[in-house]
Amino acid sequence: MYVYKCISIYSPPSPSLSSLSDHHNRRLPCVPLSESNPVVHLRQTRKRRGSFVVSLSATMSACKDQDPRIHGIKTKIRVVPNFPKPVFVFCACLLMVGMAGIMFQDITTLLLDPKAFKDTIDLFVERYKGKNISVVAGIEARGFIFGPPIALAIGAKFVPLRKPRKLPGEVISEEYILEYGRDCLEMHVGAVEPGDRALVVDDLIATGGTLCAAMNLLERVGAEVVECACVIELPDLKGRDRLNGKPLYILVEYH
Amino acid sequence: MEKKREMFAGENGLQGDPRLKAISEAIRVVPHFPKQGIMFQDITTLLLDHKAFKDTVDIFVDRYRDMGISVVAGVEARGFMFGPSIALAIGAKFVPLRKPKKLPGEVISEAYVLEYGTDRLEMHVGAVQPGERALVIDDLIATGGTLCAAIKLLERVGAEVVECACVIGLPEAKGQCRLNGKPLYILVEPRK
C-alpha cells in the first residue's frame, strides 16, 4: 500500500530566467476543461435589482475559449521546482525514499513581459467591465499585483486582504486551515459595505483555502462575491470545490 | 534648501494641482501603529477612492512615460499596489522587490538597517539587465533605508535608477543623503 506516490527522485535545477523559453517548450499544453473533467460547472443566471442580467459563461476558464493571448501568458509563467522546499516522500511498497518537488508557479516572469502582463489584465477587465463590480479584493501579496490594475480599469475600489497585523486600525479576521497549521486573513472594517459587489483576485488557486477565507471576509460584511479570479489554477487540488459554489475564472491550468 | 523642496510634486510642475489635495485627504492617519508614537500614514483609504487612486497613478505615469524607463521596481508589499499600474501604462516591466525567501529561484539580496536590527530585500537574478533604466516605487519614504537597498539591488545588476517615487514623504526624507544622490519624487507630505 502506497503512503505517497513517488513522483521523482531527481530534482532538476530551477530554470534561469534566460532559459525560460526552452523550459516552456517542454511543458504540456493547456488541457481544456471539457477534456480533463467532464463535469461542467454551471452557474445560475441572476437578475440584479432589475437593472441587468449577470450572466457569466458556464465555462470558467479562458483556457477553454482558446483566446489567442492565453498561449503567450502561459509560456511566460515559470515553474520553479522544490520551492519553497523539497518534500521527501516515502514509498512503502517500493521501499524507496525520493524527493518530490513542489512545482511552484512563478508569475514574476509574466510581469517581465509588458505585453503578456497587459494581456492578462485585459482579459480580466474585458470580463468584469460593465458588471457593476464595486470592489476588487486582492490577496496579499501577489493579488496586489493584479488586483489594482483591474480595479482602476473597471472603476472599482481596491481592498487589500492581508496577513495578520499588517493593516493599521480596526480589522476583521478570518482563520483558515493550511496543510500544517492555520493562517489568518484580515480586512479593514469599513472598507467594504453591505451590497458591494466584489471580485476576489489572486495569482493562483491551489487548495482554495485562502480564497475561501477571502470570500468569507467579504460576505461577513454583507458584500456579494460575484466571482473569484486567478491567473492560474491547479485543478488537481480541487480548490474550486471549496468556493461554496461561487464561480471561479482562470486563465491557465497546470496539472 | 530650495533644491530639496523640488522633490515634492506640488513644487515640481504640479503647483496648485487639485488632484494633490484630494490625494492627501484620501490618506488616513492611524495613531500609534505599529507602536506608540508613530502616526501611521495609511494609503488603503486612497485605494478606496477610485478617482484619487487613478489620479495618483496618472500623475506618476505622466511624469515617467517619456523617460525611457524599462523597469518599474516595486517594494513589497505596498509598492505592489502602485507599481504594476504605472508599469503597464508606460510599457515597462514590473519587478517585485521582496522580503527574504518569498521569491522562488535565484535571487540577489541586499541588507538594510531598521530601527532595531536589519532586514533584507531580494530581487530575481536575470529580471533586470545591464543598462536598463529603472524607477523604484513605494508608498512612503521615511528614513530611505528600504529605498536605498532597492537602488543598490538595481545598480548591482547594472541598471540605472532614474528616480525613486513615493506617494508620501516623511520629513526625514528631506535629508535625501541616504538615497546616494538619486532623485526622489513625492506626491504629498504626511497628514497630521
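**Checking the terms**

Leaving aside neighbours within four places in sequence, Asp106(A) is in contact with Ile77(A), Arg78(A), Val80(A), Pro104(B) and His124(B). The model is a predicted one.

Q: What makes Pro104(B) and His124(B) contacts of Asp106(A)?
A: Contact requires heavy atoms within 4.5 Å. Pro104(B) and His124(B) are listed among the contacts of Asp106(A), and both belong to chain B.

Q: Why is Asp106(A) called buried?
A: The relative accessibility of Asp106(A) is 2%. Buried means under 20%, so Asp106(A) counts as buried. This residue is found in strand 6 of chain A.

Q: How many residues of chain A and chain B are in contact with each other?
A: On the side of chain A there are 37 residues, and they are in contact with 36 residues of chain B. The two chains bury about 2800 Å² between them, and carbon and sulfur atoms account for 72% of that area. In chain A, Leu112(A), Leu152(A) and Pro168(A) lose the most area to chain B, together 21% of what that side buries.

Q: Which elements of chain A each supply at least two residues of the side that touches chain B?
A: Among them are strand 3 (78-80), strand 6 (104-106), helix 6 (114-128) and helix 7 (143-154). Helix 7 gives the most, with 6 residues.

Q: How do you know that the span of helix 8 of chain A agrees with its number of residues?
A: Helix 8 (residues 209-220) has 12 residues, and at 1.5 Å a residue these should span 16 Å. The expected span uses one less than the number of residues. The end C-alpha atoms are 16 Å apart, so the two values agree.

Q: Which residues of helix 8 of chain A are buried?
A: They include Leu211(A), Cys212(A), Met215(A) and Leu218(A). Just after this helix, Gly222(A) takes a positive phi of about 90°.

Q: What share of chain A counts as buried?
A: Of its 255 residues, 53% do. The secondary structure of chain A comes to 8 helices and 13 strands.

Key:
Residues are numbered from 1 along each chain as its sequence is written. Chains are lettered from A and ligands numbered from 1 in the order in which they are written. This is a predicted model: local features need pLDDT of at least 70, side-chain atom pairs count only at pLDDT 80 or more; totals for chains, interfaces and linings use all residues. Side-chain values use heavy atoms; hydrogens and water are left out. Helices (H or I, at least four residues) and strands (E, at least two) are DSSP runs, numbered from the N terminus. Buried means under 20% relative accessible area, exposed over 50%, partly exposed in between (1.4 Å probe, protein chains only). Buried area is the accessible area (1.4 Å probe) that two parts lose on being put together, summed over both.
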